[in-house]
Each structure stands twice: as C-alpha cells, then as structure tokens.
Amino acid sequence: SYAQNPIVPPGVYIADPSAHVWPDGKLYIYGSLDESTQYYCSWRHHVMETTDLKNWKITENVFASKGENDQVPYSDALLFAPDCVYKNGTYYLYYCMPDPKAAEGVVFSKSPAGPFVNGQKIHLNGIEEIDPCVFIDDDGQAYYIWGQFQAKIAKLKPNMVEIDSTTIHTGVVNEKEHFFHEGGYMVKRNGIYYFIYADMSRANRPTCIGYATASSPFGPFKYGGVIVDNNNCDPATWNNHGSIVEFNGRWYVFYHRATHNSRMMRKACVEPITFNADGSINEVEMTSQGAGPALNAFETTDAAHACLLFGNVRIELADPKNEVLSKIENEDNVAYKYIDFKNGASKVDFRIKPLKNGGGISIHLDQPWGKQIGWINVPGDEKNAWKTIKGEIEETSGIHAIWLTFHGENDNFFEIDEFRFSE
C-alpha cells in the first residue's frame with residue numbers, strides 16, 4: 001500500500017509502467033523489475049493493481065525467464081519492458097529480452113495478475129528488437145508495436161501470437177521527426193490515436209514521455225510534444241518509459257524515475273493530465289503528491305518523496321525497507337511538490353543521520369531561491385546514528401513547494417530519512 005510518488009514502496013523498483021484498466025474495474029501496471037545498478041531489469045515481472053490510485057497491491061513474480069516460475073524454456077535472458085492486453089477471456093503478457101534469438105514473446109493467463117505461463121516466441125521477420133506493446137482497436141483488430149529509434153507496427157492475427165507480416169510498417173514514428181527512442185504505447189481517445197513513447201527532444205537523452213497523434217494506427221503521425229520529463233529526478237537519470245490511461249473519469253500519465261545515481265533502480269510514478277479541445281496534451285511537472293492531494297505538512301513526509309534533486313544528492317536504499325537522501329554535498333537542493341501547511345506551521349522535525357562533518361539545511365518556499373523560512377543546524381557526529389533534530393520556521397500556511405538546500409564543507413554531511421512540520 002503506497003499513496004504518493006513513487007507509487008512503489010521502498011526497496012521495490014518497478015520501471016517502464018504500462019497501465020491498463022480491465023473488466024474488473026481495477027487499474028493494473030505491468031513493468032520491468034530493476035534489481036541492480038549494474039544492469040537493466042531482472043529475470044522476473046511483478047504486477048501492481050489498485051482501485052483508487054492510493055492503495056496498491058503488488059503480486060510478485062507473475063512470470064520469469066529463469067528460476068521460480070520460469071516460463072521461457074528457450075532462453076534465460078533478462079526480461080525488459082512488457083505490455084499486456086485482454087481479449088476473449090485471456091490476458092496476454094508480451095515480453096522482450098536483450099537476446100536476438102529470443103527477443104520477443106507472449107505468455108498467457110486467465111487472471112490479470114497472473115501467473116502467466118507457456119512462453120512462446122513471436123516471429124517478427126528478422127526485425128526483432130525490444131519494448132513490445134499491443135493495441136486493440138474498436139473493431140477488435142489487434143496491432144503489435146515494437147522497436148527502437150524507429151517504431152514498427154503490424155496487425156496481429158486472431159490467435160494474438162502471430163503477426164501478419166504483410167502489414168508491417170516501419171518508421172511510423174522515428175527519432176528525426178518525432179524524437180522517438182523506444183518504449184511505445186498506443187491508446188485511442190475521441191477518434192485520435194495517441195502513440196506514447198520515450199522522447200529524446202531534450203538534453204539528448206530520452207528523459208521525456210512524448211506523444212504523436214494520427215487518425216489511423218499506421219499513421220502518419222504528427223509529433224505532439226512532451227507529457228512529462230523526468231530530468232533531475234537523479235544525478236544520472238537516462239531514460240523514461242510510460243503510458244497514459246483513463247481511470248474513474250480522469251486521465252493519468254505513468255512514468256518512472258531513477259535512483260541510486262544510476263540509470264537503473266527506477267520507480268514508477270503517476271501524474272494527472274489534461275487534454276485541450278484540439279486533443280493536445282498539456283505537459284505536467286513531476287510532483288511528490290502524484291495522483292493525490294498535496295502532502296499534509298503535519299504528517300511525516302518520507303525524504304525519498306523528493307521530486308527534483310540537483311547536485312550530488314540522490315535517493316538510496318538504507319536498509320531493505322527504507323530509502324533516504326544520501327551523498328549530500330554543499331549547495332545541493334531537493335524539492336517536494338506540494339505540501340499543505342493548512343492554517344499554519346511554525347516548527348519542523350527532521351530524522352537525520354549526522355555524519356563526520358555535519359552541516360546545515362535551509363528551508364525555502366516555492367523556489368530554491370525563494371523565501372527562506374527556516375534553518376536547521378546539523379552538528380557532526382562520528383557515531384553516525386539516526387536522531388531527531390528539531391527546529392523552528394517562520395509561520396507558514398497554505399500549499400507550497402518546499403525546497404531544502406544543504407550546506408557544509410568537504411563531504412560526509414548527513415543523510416535524511418523523513419521530516420514533519422507542526423504548529
């Protein structure tokens with residue numbers, strides 16, 4: 001059960017979230033499972049489900065390529081980003097591997113949360129790549145979409161495991177015209193086909209979720225822009241991958257953020273989105289609150305809910321069920337968007353592990369250079385033990401972004417686990 005961003009709990013790293021609402025009315029997320037800073041993904045998939053976007057259930061190891069629940073007899077390669085569709089009482093989970101001989105396949109289940117069984121290859125006429133997604137149109141025709149740098153699309157035969165090779169279209173979106181990198185996902189709204197993908201339009205990295213639109217699944221597609229950009233979620237963030245879905249009358253974008261100063265150890269997140277009258281999608285910012293209301297200042301805020309991190313600071317696993325802000329250096333800062341101070345707060349408590357040199361924390365409203373409302377002094381401590389450090393702030397009310405800027409000399413300042421404001 002987890003409410004704010006990220007939507008997965010400490011110690012769990014689910015990336016590449018493909019979101020779907022199935023006949024039971026629940027929203028499900030199918031994604032890859034990161035487990036190391038040395039390689040992408042793992043040999044297992046978990047499934048997330050929710051009825052309200054606040055409380056999540058994770059079903060573990062619904063499908064694997066080796067070990068327990070191994071359903072891929074022909075390969076033990078890693079499992080990259082998957083997708084899932086439902087048709088005629090069966091859930092089809094489409095998987096991919098960084099193995100040209102076994103790149104893409106499908107497994108089956110009668111339940112949206114698996115287990116998925118009986119892995120079969122999907123033959124793609126020699127253009128096997130990664131990141132499959134499947135879209136079923138209003139007439140029941142299913143389309144298979146895959147590829148990097150230029151997306152490929154073809155009709156699926158009624159058995160849902162073979163493509164009609166005569167219908168293959170390549171380059172329906174591409175890097176030059178659409179900033180396409182990988183991670184395709186398709187959805188239809190008001191007669192418009194939306195192709196969602198990892199977008200390279202900024203910083204020469206695919207940190208964005210972008211989109212293109214067309215009046216046919218085969219295009220031609222016109223670039224629409226960025227929906228969300230995960231740049232500055234971690235010092236080393238590289239990619240993004242996600243989806244959009246309507247749930248309980250509102251649309252959302254699902255994406256991921258990196259942690260551990262790596263391209264990996266990514267965590268699924270969500271933001272509400274809006275459409276304009278012409279069908280275009282407004283870009284949204286990364287937040288801490290996600291699909292919920294602003295965080296309650298008078299309840300404990302996990303430091304790992306930081307939505308922007310500048311400098312050397314990063315989110316790292318401190319123990320199997322706890323993530324903290326770590327490796328802090330002078331003038332690093334982080335943001336929490338947004339926090340509701342209601343009628344007013346004048347005090348704050350931080351749970352901090354002081355390290356050798358210690359330092360200070362300045363607390364600012366709305367911008368990193370915004371009004372400073374408080375200062376927390378953190379004395380150095382050779383014992384490196386967690387403790388609560390209390391401080392006062394200028395009385396603050398209403399909803400604000402909170403920025404923490406860190407100050408000190410050399411390194412070994414402190415680590416931060418959580419904080420809470422009070423009257």
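Student: Which residue in β18 is the bridge partner of V245?

Tutor: The partner of V245 in β18 is Y252. Before going further, please keep in mind that this is a predicted model, in which local features need pLDDT of at least 70 and side-chain atom pairs count only at pLDDT 80 or more, while totals for chains, interfaces and linings use all residues. Residues are numbered from 1 along each chain as its sequence is written, and side-chain values use heavy atoms, with hydrogens and water left out.

The strands named here are DSSP runs of E with at least two residues, numbered from the N terminus, and two strands are said to pair if DSSP finds at least two bridges between them. Strand β18 covers residues 250–257 and is joined to β17 by 5 bridges, the two strands running antiparallel. Both belong to an open sheet of 3 strands, in the order β17-β18-β19 and with antiparallel pairing. Because β17 and β19 (267–273) each have a single partner strand, they stand at the edges, and one side of each is left without a neighbour in the sheet. Neighbouring strands of this sheet are turned by 30° against each other on average, direction ignored, where the axes are lines fitted to C-alpha atoms and angles run from 0 to 180 degrees between N-to-C directions.

Rolling a probe the size of a water molecule over the atoms shows where empty space is left. On a 1 Å grid over the protein atoms alone, a cavity is a set of points where a 1.4 Å probe fits but cannot get out, whereas a pocket is an open set with protein on both sides within 12 Å along at least five of seven lines, and lining residues have an atom within 4 Å of a point. Grid points are joined across faces, edges and corners, and a volume is the space filled by probe spheres set on the points.

The largest pocket holds about 380 Å³ of space. Its lining counts 18 residues, with H20, F135, I136, M186 and V187 lying nearest the centre. Two or more residues of that lining come from each of β1 (14–21), β5 (83–87), β9 (133–136), β13 (180–189) and β17 (243–247), and β13 gives the most, with 4 residues. By class, this lining divides into 13 nonpolar, 1 polar and 4 charged residues, where Ala, Val, Leu, Ile, Met, Phe, Trp, Tyr, Cys and Pro count as nonpolar, Asp, Glu, Lys and Arg as charged, and the others, Gly among them, as polar.

The second largest pocket, of about 210 Å³, is lined by 13 residues, and nearest its centre lie Q4, A294, L295, N296 and E299. Here the lining divides into 4 nonpolar, 7 polar and 2 charged residues.
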